[in-house]
Amino acid sequence: MDVDAFLREIGNRRGYRGQMVHVHDVPARKAKFGKLKKPLPPALRGVLAQRGIQKLYSHQAHAIEAVRRGENVVVVTGTASGKTLCYNLPVIETLLAEPHAKALYLYPTKALAQDQLRGLNDLKALDPTLPLEAGTYDGDTPGDTRRKLRDEGNVILTNPDMLHSGILPNHSRWASFLSQLRYVVIDEVHSYRGIFGSNVGNVVRRLRRLCAHYKAKPQFVAASATIDNPREHAETLVGESFSAIADDGSPRGPKRFVLWNPPFLDEGKVERRSPNVEAQKLMVDLVVQGVQTICFVRARRTAEVLYRYVRDELLEETPRLANTVRAYRGGYLAEERREIERLLFSGKLLGVTTTNALELGIDIGSLDAAILVGYPGSVASTWQQAGRAGRGDEEALVILIGQNQPIDQYLMQHTEYFFGQAAERAVVEPANPYILAGHLRCACQELPVTADDCRDFGDAAASVMALLEEDQQAYFANGRWSWQGAQFPARDVNLRNMDDNNYTIQDMSGPEPQVIGQLDEFSAFSQVHAEAIYMHKGDPYFVDRLDTTERIAYVRKGDYDYYTQAIDKTEIRIDETERDDTWRVSRVCFGPVTVTAIVYLFRKIKFHSRDSIGFGNINLPPLPLETEALWIVPPAFALERVRAYGRLPEDGLLGVANAALGVLPIFVLCDPSDVGSAVDSSNLGAPAIFLYDRYPKGLGFAEKAHERLEEILQAALYLIQECECEDGCPSCVGSPLPVFGPSDDDVDSRGKIPDKEAALCILHDLLQLEPHAPKPVDPEKLERRLKALRAVAVTPEPLDEPEDDAPRPTGKPLPDAVERKLRRRIQSLKRKPE
């Protein structure tokens, strides 16, 4: 496309009001090629030639040579850079030389595994003599196909969940496959972060242990989008050393990255035009000009509403193009998603509105333009979504539309901030004892656990095994622990911390009920409550009833001119105070809490005009999260000092909470999404900062924060005072994550940026430093902050037989509090119904 001409045309229109606040040029990059020391086998060279590939990019050649040397490799290059060939070529090369070799490909989603299987099948279609017997092994695979794959397949594509619960516990049936396993490929390795990544790290250790039992030692090849610590992340995840290949040799056409800020609607400059309306106009313009466009939004409902807006406008202006746009999101049935992917890849679709469901590497081809409605939340995600635009050496367009939220507006006003930031770090901690407990139960059921195993699982492993022995789930004899508990402990461990209570959506419009989608419980309560309008493929469906017993939403299609939006609130309640200490001048406590989401109201919103045309009550039970928290009660004098300067203590406390949450992963080894923060006065009659685990029963993050509070608050102070902003920004006092929810897909708004000066006042007093004297307060700004605070919710080979007197392995001693909690966790796992 001619990007300059398009931007000039937009800028010269009568309705243009200076929305393009910055245009950043991403320069083109020429291809860098590499040469293998030993050429690929003729069959592979022939297949590549048929695909028009005469030379390999430098990163592909470097990766193949590293794999040939026997190294574990992580490849970190951009979108559409040919990472798949970095593992497919050496795997197939080995299969050609070793007919009995096997490979296991791990993908974070079933959809991605299906997509990559199509790629392997395309290779075999070009040369049927290639020794590829590949297939996906997941929950959708029929029983007969599973057995055939297990017995005859040499490349099996699956996900960590199936490996955890379907393959490893039944490893004796997989003995032949595991004994000949040469490669384990972990694609999209950057997505394995936080609790999910820590769980997957233990699954990989269990896989390595079983491979060793069957006398195999597979090589690991990982592929990742850009993150700040790829080699360290891969090594922590797998437990072995890696080489990183990060010099991207693929060509890239020039890209124009536009920051687009919707204009104000009022003279007071409070309300801006809807970013969805801006996206609608831009997307229609691009589609009419034949520019294939992807539009990323933050919420599933927004994907549907925006699709409807674009389709309706195209029906009026250019009816023949109305069927060339679609919506894509989680909750669609698998066959619907595959059809949209196929149409995009073939070029039959000119536009798609989507959540971050299309951010991962599903092959939809290269598009011409990408529109991002709202900042995706991280530098890495933003570039990942922007990377969907760009065909070869042609120029591409990316437009980031700012929402009327602080983080977005900060980016619009400080245009250099985003383009100067490095991608974030990925953090996992497989050795976390609370995560480890469930996986050691699984490992013990799969094979007896030895001292060597304990060393591989981490310092706490032997101590955790001793607690399992104490609870009579394992017994120690001949130098190892053997399982004596329930027969299938893998079912007690959910890798993803996702809601198991999925709801089915049934369309009752036709003669027979038809399932049109699924939602987790939190999304069901907010999207398919009684009288809600559920959007599917751009069409409105009225919800007659939500059956919370059968977990079914009954809907019927209709001609409605509005949609609905649920309103929820969150509450935090202290259940017990396990520790109550004095830290410097503050009271600091730790214990179990309940964070509760209550969906209690919905409003009806007119399509296009966005006018609110009514409200309705929602009568659904609350959704509690029983977890653990640290809470800090500042001294009264610290709050009074803030008031004396004409500022709001609650605003400063929110800033302290957000800054502490921002630095906490450095000291606690968790992902930012694993922890949450809140400021609440209802429990203690005085304001307190809460830092809590976003995981049922807690995983020890808040507990570690309690132990390292001094370092965390010192780092928070440094973060805020060294920031160059005037009044607070996303980099310091920040904006909090939602209190909890199923995924970022379903988050439509974020909190207000708190008061930097008030936060500095409070931190100086908490750390007993010289009192901070803030700048004079602007009365109008104070009133706006008061209004914002009112609006924001608080947020088999036989085993070697050791000697009878083999020593009992000993691990790193656990703190008393950790040991007590682990005992409770182990007992709760045991009590789960089989």
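Eleven bridges join strand E27 to strand E29 (residues 623-633) in this predicted model. The two strands run antiparallel. Within this pairing, Arg587 stands opposite Val633 in E29. Strand E27 itself spans residues 586-606. Of its 21 residues, 16 are buried, so E27 is largely enclosed by the rest of the structure.

E27 also pairs with strand E25 (residues 562-574). Here 13 bridges are found, and the strands again run antiparallel. Tyr563 stands opposite Ile605 in E27.

Two hairpins involve E27. One is formed with strand E26, with two residues between the strands. E26 covers residues 579-583 and is joined to E27 by five bridges in an antiparallel arrangement. Thr582 has Arg587 of E27 as its bridge partner. In the turn between E26 and E27, Arg584 has a positive phi of about 50°. The other hairpin is made by E27 and strand E28, with five residues between the strands. His608 takes a positive phi near 70° in this hairpin. E28 comprises residues 612-617, and five bridges join E27 to E28, which run antiparallel. Leu601 has Asn617 in E28 as its bridge partner.

A further sheet is open and built from seven strands. The strand order is E1-E11-E16-E15-E12-E14-E13, and the pairing is mixed. The edges are strand E1 (20-26) and strand E13 (325-328), each of which pairs on one side only. Direction ignored, neighbouring strands of this sheet are turned by 15° against each other on average. Strands of a sheet pair through backbone hydrogen bonds, either parallel or antiparallel. Val26 has Lys255 in E11 as its bridge partner.

Helix H14 (residues 379-386) lies across several strands of this sheet. They are E1, E11, strand E12 (293-296), strand E15 (369-373) and strand E16 (396-401). H14 runs at about 125° to E11.

Helix packing was examined for helix H9 (residues 194-213) and helix H17 (residues 433-446). Their axes come within 10 Å and cross at roughly 20°. H9 and H17 are therefore roughly parallel to each other, as the crossing angle falls under the 35 degrees cut-off. H9 passes H17 in a right-handed crossing. On the H9 side, the contact involves Ser198, Asn199, Asn202, Val203, Arg206, Arg209 and Leu210. These residues meet Ile435, Leu436, His439, Cys442, Ala443, Cys444 and Glu446 in H17. By class, the contact has seven nonpolar, four polar and three charged residues.

Positive phi values also occur in loops. Most residues other than glycine have a negative phi, and most peptide bonds are trans. Ala80 has a positive phi near 60°. Ala80 sits in the loop between strand E4 (73-76) and helix H4 (83-97). Its relative accessible area is 63%, so Ala80 is exposed. Lys215 likewise has a positive phi, near 65°. Lys215 is placed in the loop between H9 and strand E9 (219-224). With a relative accessibility of 57%, Lys215 counts as exposed.

Val288 lies in helix H11 (residues 275-288). At 37% relative accessibility, Val288 counts as partly exposed, because the value lies between the 20% and 50% cut-offs. Residues up to four places away in sequence aside, Val288 touches Leu314, Thr318 and Leu321. Tyr57 is 231 residues from Val288 along the chain. The C-alpha atoms of Val288 and Tyr57 are separated by 35 Å.

Key: Residues numbered from 1 in each chain as written. Predicted model: local features only at pLDDT ≥ 70, side-chain atom pairs only at ≥ 80, totals over all residues. Heavy atoms only, no water. Buried < 20%, exposed > 50% of the residue type's maximum accessible area, 1.4 Å probe, protein only. Helix = DSSP H or I, 4+ residues; strand = E, 2+ residues; numbered from the N terminus. Pairing = 2+ DSSP bridges. Axes fitted to C-alpha atoms, helices over the stretch in contact; angles between N-to-C directions. Parallel < 35°, antiparallel > 145°, perpendicular 65-115°, else oblique. Left-handed = near helix turned anticlockwise from the far one by under 90°. Contact = heavy atoms within 4.5 Å. Nonpolar A, V, L, I, M, F, W, Y, C, P; charged D, E, K, R; others polar.
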